[in-house]
Amino acid sequence: MDQIATIEFVKKYLEDFLAFFDLNLDIDVSVEDDVIKAVVPSSERNSLLIGRNAETLRSLQAVVSAILRNRQAALVRVNVDIADYKKQHAEKIADKARGWIKEVRRTGETKIIELNSADRWVVHHVASDYSDIETHSEGEGRARHLVISQKSS
């Protein structure tokens with residue numbers, strides 16, 4: 001599948017999936033940095049579709065990505081956001097990151113935080129705005145964590 005066919009497939013697949021929940025929603029699908037972005041508008045079924053700790057949302061995203069890999073699509077990385085959940089969550093993590101950075105600056109002590117990969121990426125991105133702060137991830141798999149520290153002079 002070329003990129004246009006991939007985008008059309010993702011849109012139809014997600015709209016058909018939502019129809020199973022008796023939702024007739026128009027999904028906005030685009031491509032940004034070789035990632036298919038599917039934005040699902042808010043509905044009365046948000047909590048069901050997002051799930052606890054966004055587990056349902058991540059699972060849906062994984063299923064769509066797996067289908068695209070099996071169909072040998074041009075693009076296979078998928079980011080599904082329902083009712084701006086991910087956007088709002090990223091903003092909360094960014095706010096926390098600024099607080100953690102402030103604490104590291106104040107105390108001079110390294111801070112280790114357990115976060116999933118998407119949240120670690122947000123913190124790395126926020127920290128890049130601070131010339132005196134550095135971040136990196138350590139560990140493997142589920143034991144991977146984020147380290148925030150002051151740069152050595």
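Me: In this predicted model, which residues does Y130 touch, not counting residues up to four places away in sequence?
Reply: Y130 belongs to the loop between α5 and β5, and the model in which it is placed is a predicted one. With contact taken as heavy atoms within 4.5 Å, and with residues up to four places away in sequence not counted, the residues that Y130 touches are R98, I101 and R105.

Me: How many Å apart in space are Y130 and N46, C-alpha to C-alpha?
Reply: Along the sequence, Y130 and N46 are separated by 84 residues. In space, taken from C-alpha to C-alpha, the separation of Y130 and N46 is 36 Å.

Me: Which strands are the edge strands of the open sheet?
Reply: The open sheet consists of three strands in the order β4-β6-β5, with antiparallel pairing. An edge strand here pairs on one side only, and this holds for β4 (111-113) and β5 (133-138). From one strand to the next the twist averages 20°, and the edge strands are β4 and β5.

Me: Which residue in β6 is the bridge partner of I113?
Reply: Strand β6, made up of residues 145-150, pairs with β4 in the antiparallel sense, and three bridges join the two. For I113, the bridge partner in β6 is L146.

Me: At about what angle to β5 does helix α5 run?
Reply: Helix α4 (residues 85-107) lies across β4, β5 and β6, and its direction is at about 45° to β6. Helix α5, which spans residues 117-127, lies across β5 and β6, and its angle to β5 is about 160°.

Notes
Residues are numbered from 1 along each chain as its sequence is written. This is a predicted model: local features need pLDDT of at least 70, side-chain atom pairs count only at pLDDT 80 or more; totals for chains, interfaces and linings use all residues. Side-chain values use heavy atoms; hydrogens and water are left out. Two strands pair if DSSP finds at least two bridges between them. Helices (H or I, at least four residues) and strands (E, at least two) are DSSP runs, numbered from the N terminus. Axes are lines fitted to C-alpha atoms, for helices over the stretch in contact, and angles run from 0 to 180 degrees between N-to-C directions.
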